[in-house]
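Open the model in your viewer and keep the selection tool handy. This tour moves from one stop to the next, telling you what to pick and what you will find there.

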Amino acid sequence: MSESKQKTDSKLSRMDFVTDQGVRWCPGCGDYAILAQAQKIFPDLGVAKENFVFVSGIGCSSRFPYYMNTFGFHSIHGRATAIASGVKLANPDLSVWVVTGDGDGLSIGGNHTIHLLRRNLDINILLFNNRIYGLTKGQYSPTSELGKITKSTPMGSLDRPFNPPALALGAEATFVARTIDRNTHHMQSMIKRAHKHAGTSFLEIYQNCNIFNDGAFSSLTNKETRDDHVLVLEHEKPMLFGKNQEKGIHLDGNKPRVIDLEKDKNLGINDILVHDEKDIVIAMILSSFTHNPDFPDPIGVIYAVKAPVYEDLLYEQFDHAVKQRGKGDIADLLNAGDTWEVK
Amino acid sequence: MGKSLKNVDDVVIRFAGDSGDGMQLTGTRFTETTAIFGNDLSTLPDYPAEIRAPAGSLAGVSVFQLHFSSKNIHTPGDNPDVLVAMNPAALKVHLGDLMPGGAIIANANTFTPKNLQLAGYESNPLEDGSLEGVYEIYAIEMTKMVTDACADMSLSSKLVERTKNMFALGMLYWMYNRTLDSTLAWLRKKFESKPEIVEANSRALKTGYNFGETTEIFTTRYKVGKASLPPGKYRNINGNYAISLGLLAAAQKGNIPLFYGGYPITPASDILHTLAAFRHFGVKTFQAEDEIAGIASAIGASFSGNLGITASSGPGIALKTEALGLAVMTELPLVIVNVQRGGPSTGLPTKTEQSDLFQAVLGRNGDTPMPVVAPKSPGDCFYAAYEACMIAIKYMTPVFVLSDGYLANGSEPWKIPELKDLKNFKVSFQKDLSENENFMPYLRDPETLARGWAIPGTSNFEHRIGGLEKEDITGNVSYDSANHQRMTDLRFAKIARIANEFPPSNIFGNKSGELLIITWGGTYGTGRSAAERCQRENLKVSQLHLRWINPLPKDLGSIIKKFKHVLIPEQNMGQLRMLIRNEFLVDAVGLNQVRGRPIRAGSIVEKVKEILG
């Protein structure tokens, strides 16, 4: 039921995924960058075009399916993950992608998101996180920082924000990753990894809303600051960052701390925490860096483990039931139990 | 002393006891035996919402009423002839309904000072003479007799005591001349792994039967002859099971996989349970995280080419409302079952009502037409569900099935259909395009106005749908004002065309007269019984039963015109009446009761007489 069973079509190109619909995001929106990377990478995923389905909810990001020339469903607010579950269970051979945002996927649709993650259907979630409500014109979102001044919070928001990777891990997600809209190559590789993962993949994409929350991720994208603020994760590699890779994450007991190898001569490369995608403790530590000014923001695959895939289990039950009871016969069923003849 | 045998046509028995006394089970067993014997029958289970209400309390009384007859019957009966009261609370709650002269069969061992006090009795009504002369009283030491019968067994006294319902059942089998075979066989199967439980219950059943035979307090046995049902093979069936079978039969007939997405809720959960056991048919049941995800997953499955189904009850349907609008806008087949219960809000979870009619017909944002079909009896639930699937696919639309708690849990003899005799319908997914032709998702069939169904995985049919208004034919997003008018008109016209499928309306009685009783859903039976009684009294009363509430049958207006009065009995405050008054400008009168149980035929007859003066 995973991608191995899907047909491949090597002739696909970017243009095969472009629709005739005019793109209606604001000029300069980070969504353009994500769309461009998706259209670039999807032809190479080894899936026949007709087997892709994009499902979205409501919000700026949720317009995405209209611009991808595949099967698409622009549904209702928050419910994309639930609709996608039905799409996938009806036909497990499809490559199903949910495009959602911080409001759609974590606020109104938070419930469906966590339940999809724990069930582990082979569905890919692209969560565009711009930490603001764009389509309704600028209210704070569940990932906005505490004290955020917006139209609906003129004195500052009172909500503590969600930490998306931590939320996903808490919901038993089997694949959690993060990337940034401006980091095109990294995004491509994350989309590929998400696609490859058998089970639900949760890919958070930091996305700049240049109208209502411009610069939310500027420290992660500006040339001058990004090296000190972004930790690029690689499996089995030490967690180093900084212009010269001079900084790193060190564990003091179970407490993480940033160390500077150039300044702190007592510590060396062997004292830097090595990333292991399969280690839940490391994943939890990394997710705790979100919204924490003392740490860089990790991007890359935070966590990826194998676990039973829901639809595989479902279809195994079908086989098992037929083996046990024979293929269902409606006439037998209708005539089951105590019956009698009236002449 | 010899016992006499008396022929009767018609008997209503009410089994009442504590919710732990096994009344539902006792009633169901009597029903099965009676059905196999060949009586016509109709049942009404009625139980508290609490799984175990405090023992002996008035709130904890659980009831199963059974009406069986040598004639064709349509209701579970108004007033019981026999009340089986397993404790004082059961007697207290149900005595008022018992027919004058009716029989009370009570478990005397439970009429203890504590239980009498819990039921609010100051003295023991079985002994204080208060019932004498009004009813036949049979105070029987059921608990003691089952205890004696199992004295040599090693079972705990608690387990032995639980078999007292089987004693009561055995006694009634004797009284109505029934055999124990089917119940004994059922006990053996049900408790296969617990032979001592089978033994104790079997002993209790036989002890009850033998007690009837030997005791001197019973002088008469009753014989209720076989009913003359249409020839065929029969089984007993309740509404929720019939709906489940109807959905499966449609999926089999249409050769389309069935997908059920839902969330547990009383009284609809049994549909989920039943379908979940059909894995060997490839039925996909998905217990979602909430009602919304239930319907959303079903819509997703329909988009992918399965037949999407969801079922719930009023509060759950309220949560699904936005998704219903999405199904209307995207024009995907979907069947939504509402097993109605008392509202508003959480209301009366285990009691029946018909108060979600507006919710089904009108309850959405925007002008959002929705076909609504309502089964009229437990067995008809099969056909209503089947028809809903057929219409949903043929017209590419969500379809509501409005059942209710009474139909869901009530049962009747059901003539088993053969798959080949069910109406044919075809599921066809779009597959072929001529060269240079593009798939137009909102191009319609000229006859049904249904759009084409193209499913993911089909090359060259890639397209996008969604909740935004669609441009006619292309399905592109469109905010154009003229297009919105056209699409709204098309959505209404499509649903109106479903009425082309209906046969001419069937009127019970003369085609014109003084008064027409219009019924829908679960009030069919009482309306029919009431019309029969009125006609026997030479009143010019006919009955018309509405199977589809939306669209209404095309001949309804002309039928209504042939009657001076229109009476619409409903278990709500007048919802169908408002629709009918609005549609036909007729001064229809309502009989509106929301008491958590079906309206009684007698109440309708009284209302008819009041109108006719």
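Start in chain A with the open sheet of 3 strands, ordered β8-β9-β10, whose pairing is antiparallel. At its edges stand β8 (240-241) and β10 (255-260) of chain A, each with a single partner strand, so one side of each has no neighbour in the sheet. Strands here, like helices, are DSSP runs numbered from the N terminus (E, at least two residues, for strands; H or I, at least four, for helices), and two strands pair if DSSP finds at least two bridges between them. Now select β9 of chain A, residues 247-252: 6 bridges join it to β10(A), and the two run antiparallel. To see one of these pairs, pick A:Lys247, whose bridge partner in β10(A) is A:Asp260.

A word on what you are viewing: this is a predicted model, in which local features need pLDDT of at least 70 and side-chain atom pairs count only at pLDDT 80 or more, while totals for chains, interfaces and linings use all residues. Residues are numbered from 1 along each chain as its sequence is written, and chains are lettered from A and ligands numbered from 1 in the order in which they are written.

Next, show both chains and look at where they meet. The contact takes 51 residues from chain A and 59 residues from chain B; two residues are in contact if their C-beta atoms, placed from the backbone, lie within 7 Å. On the side of chain A that touches chain B, the elements that each supply at least two residues are β2 (71-74), α2 (80-90), α4 (110-119), α10 (310-325), α11 (330-334) and β12 (339-342). Colour α2(A) to see the largest share, 8 residues.

Stay at this boundary and select β12(A) together with β9 of chain B, residues 232-238: these strands run antiparallel and are joined by 4 bridges. Here A:Trp340 has B:Tyr234 as its bridge partner.

Which residues have the most contacts inside the largest nonpolar core? They are B:Ile299, B:Val335, B:Cys389 and B:Val401, in a core of 184 residues. Such a core is a set of buried Ala, Val, Leu, Ile, Met, Phe, Trp, Tyr and Cys residues joined through C-beta atoms within 7 Å; buried means that 20 or more other C-beta atoms lie within 10 Å of a residue's own, with C-beta atoms placed from the backbone. Highlight helix α14 of chain B (380-394), which gives the most to this core, with 12 residues. Then centre on B:Ile299: leaving aside neighbours within four places in sequence, its contacts include A:Ile83 and A:Gly86 from chain A, and B:Leu326 and B:Leu334 from chain B.

Move to strand β2 of chain B, residues 10-18. Of its 9 residues, 8 are buried, so β2(B) is largely enclosed by the rest of the structure. It runs antiparallel to β4(B) (61-69), with 9 bridges, and pairs in the parallel sense with β5(B) (82-85) over 4 bridges. Click on B:Ala16: B:Val63 stands opposite in β4(B), and B:Ala85 is the bridge partner in β5(B).

The last stop is an open, mixed sheet of 5 strands in chain B, in the order β18-β20-β19-β22-β23. Its edge strands are β18 (507-508) and β23 (589-592), each pairing on one side only. Select β22(B), residues 563-570, which pairs in the parallel sense with β23(B) over 4 bridges; B:Leu567 stands opposite B:Val589 there.

Conventions. Buried ≥ 20, exposed ≤ 12 C-beta atoms within 10 Å, placed from the backbone.
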